[in-house]
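Welcome! Take a moment to look over the sequence and the 3D view below, and then we can walk through them together.

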Amino acid sequence: MKGTIREVTIDTIVGEVMNMKNDGQRFVTLSTYQDGEGKLGILYHFDKDYEDTHLRVSVDMDKPIPSVSGVYFGAMLVENEIRDQWDVKFDGLVLDFNRTLLLDPEVTQVPLVSNVKIEPKK
């Protein structure tokens, strides 16, 4: 991965993303990876003038993650996708699809992720 990678914490991620926006950075996307047992690594990708900057945070999968969709509305789609795939929660999502962005209500297991079950919709 090219560009600058900055480590941030779950407590500072929304403020750091706001700083990126105030600096004129374009939000590109988020990406995720398993970061040890019960941990999820999230990379927030930005660019400005063809220079990439990435914010990296490691979070506990059983604790809510602050949503940055209030800063960049487009982050809402990726955060919902991550919620579908990893069964994590985002606090403050501007539009929450309740784990149905990519998955039909009758799906009970996330495709390609063998350890994530989905509670049936009521």
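## The protein at a glance

Of the 122 residues in the protein, 37% are buried. The model you are looking at is a predicted one. Its secondary structure comes to 2 helices and 6 strands, and from the N terminus on these elements follow the order β-α-β-β-β-β-α-β.

Among contacts between residues at least 6 apart in sequence, 43% join residues at least 24 apart.

In soluble globular proteins, nonpolar side chains tend to be buried together. Here, the largest nonpolar core has 26 residues, and Val17 and Tyr44 are those with the most contacts inside this core. Two or more residues come from each of α1, β2, β3, β4 and α2. With 5 residues, α2 gives the most to this core.

Let us stay with Val17 for a moment. Val17 is found in helix α1, and its relative accessibility is 0%, so Val17 counts as buried. Not counting residues up to four places away in sequence, Val17 touches Tyr44, Phe46, Leu55, Val68, Val71 and Tyr72. Val17 and Phe27 are 10 residues apart in sequence, and their C-alpha atoms are 8.9 Å apart in space.

## One face of helix α1

Which residues of helix α1 are buried? Helix α1 covers residues 13-22, and its buried residues are Ile13, Val17 and Met20. Seen down the axis of α1, these buried residues fall within an arc of 55 degrees, so they line one face of the helix. An α-helix has 3.6 residues a turn, so residues three or four places apart point the same way.

Just after α1 comes Gly24, which takes a positive phi of about 85 degrees.

## Aromatic rings that meet

Now for the aromatic rings. A pair of aromatic rings is described by the distance of the centres and the angle of the planes. The count in this model comes to 3 aromatic pairs. In one of them, the ring centres of Phe27 and Phe46 are 5.9 Å apart and the planes meet at 65 degrees; an angle over 60 degrees counts as edge-to-face, so this pair is edge-to-face. Phe27 lies in strand β2 (residues 26-34) and Phe46 in strand β3 (residues 39-48), so the pair ties together parts that are 19 residues apart in sequence. Phe27 is buried, with a relative accessible area of 12%, and Phe46 is buried as well, at 1%.

Phe27 also forms an aromatic pair with Tyr72, and this one is stacked, with 5.4 Å from centre to centre and 25 degrees between the planes. The pair links distant parts of the chain, 45 residues apart: Phe27 is in strand β2, while Tyr72 is in the loop between β5 (65-66) and α2 (75-86). Both Phe27 and Tyr72 are buried. Together, Phe27, Phe46 and Tyr72 form one aromatic cluster.

Is Asp47 buried or exposed? This residue lies in strand β3, and at 15% relative accessibility Asp47 counts as buried, the limit for that label being under 20%. Leaving aside its neighbours within four places in sequence, Asp47 is in contact with Gln25, Arg26, Val28 and Asp52.

Thr29 is found in strand β2. At 26% relative accessibility, Thr29 counts as partly exposed. Beyond its neighbours within four places in sequence, Thr29 is in contact with Leu43, Tyr44, His45 and Val78. Thr29 and Val78 are 49 residues apart along the chain, and 7.0 Å separates their C-alpha atoms.

Note on methods: Residues numbered from 1 in each chain as written. Predicted model: local features only at pLDDT ≥ 70, side-chain atom pairs only at ≥ 80, totals over all residues. Heavy atoms only, no water. Phe/Tyr/Trp six-rings, centres within 6.5 Å; stacked < 30°, edge-to-face > 60°. Helix = DSSP H or I, 4+ residues; strand = E, 2+ residues; numbered from the N terminus. Buried < 20%, exposed > 50% of the residue type's maximum accessible area, 1.4 Å probe, protein only. Arc of directions from axis to C-beta. Contact = heavy atoms within 4.5 Å. Core = buried A, V, L, I, M, F, W, Y, C linked by side-chain atoms within 4.5 Å.
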